[in-house]
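Good morning, colleagues. Please look at the structure as I bring it up.

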Amino acid sequence: MTKAEKVQFTIDTLNKIYQTIPIPLDHKDPYTLLIAVLMSAQSTDVRVNQITPLLFERADNPYDMVKLSVDEIREIIKPVGLSPMKAKGIHGLSEILIDKHNGEVPANFEDLEELPAVGHKTASVVMSQAFGVPAFPVDTHIHRLMYRWGFSNGKNVVQTEKDAKRLFPEELWNDLHLQIIWYGREYSPARGWDLEKDIITRTIGRKTVIDEYNKKTSR
């Protein structure tokens, strides 16, 4: 198969499996999405979805959020991990949204990435899911699969994002990054991986990855 055929096979397979694509983080608007994505760093979406309702019951907009102290926010979000840093970030960005953006989440990368605790990946998720702007946020699943499929060398997420944007048509990015995340969780996880169930890697995967898998499982 050529690289182009492998890319098309991947797109077709993902579209077959995920005709409707669930959104991983529960939210109702750009602000609640931004907070949920920020909280998801080094945590699971399941854990975040358990905690955000408790936080949003107290404050689901920047004006209410700044009425809470950093310590109060930290107490609520403690179960998601890294709570001191995240609580500071949530309080700080809420203040900036009020001061600089009339309480609204800005719909551009530059302003988003200037907010405390908001990196490129968080900004990409917000641009993609809240505003429908083509973006390709790379998480650990996408990073792993792009390497397994031979679409990227896996050196860092910046390179993986560049490779994904180069290979996949822009109009598919917003759906595709979510489809790959779900596929990585359900069919091609880091641990407990069963190549038999992983049709994409089995069909187009990097030879060294498949050889390594076979070596491990044949012991």
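Let me begin with a term: a salt bridge here is a side-chain nitrogen of Lys or Arg within 4 Å of a carboxyl oxygen of Asp or Glu. By that criterion, the count between domain 1 and domain 2 is 1 salt bridge. Please bear in mind that this is a predicted model.

Now to the division itself. Domain 1 covers residues 30-131, and domain 2 covers residues 137-218. Their C-alpha centres are 28 Å apart. Domain 1 brings 7 residues to the contact, and domain 2 brings 8.

How much area do domain 1 and domain 2 bury between them? The figure is about 580 Å², with 50% of it on carbon and sulfur atoms. On the side of domain 1, Lys121, Ser128 and Gln129 supply 57% of the area buried against domain 2, which is more than any other three residues supply.

Arg185 and Asp45 form a salt bridge through their side chains, with an N to O distance of 2.4 Å.

Which helix gives the most to the side of domain 1 that touches domain 2? That is helix 8, spanning residues 120-129, with 6 residues. As for composition, this side of domain 1 has 4 polar residues, 2 charged and 1 nonpolar.

Thank you for your attention.

Methods:
Residues numbered from 1 in each chain as written. Predicted model: local features only at pLDDT ≥ 70, side-chain atom pairs only at ≥ 80, totals over all residues. Heavy atoms only, no water. Domains from an automatic or database assignment. Contact = heavy atoms within 4.5 Å. Buried area = accessible area lost by both parts, 1.4 Å probe. Helix = DSSP H or I, 4+ residues; strand = E, 2+ residues; numbered from the N terminus. Nonpolar A, V, L, I, M, F, W, Y, C, P; charged D, E, K, R; others polar.
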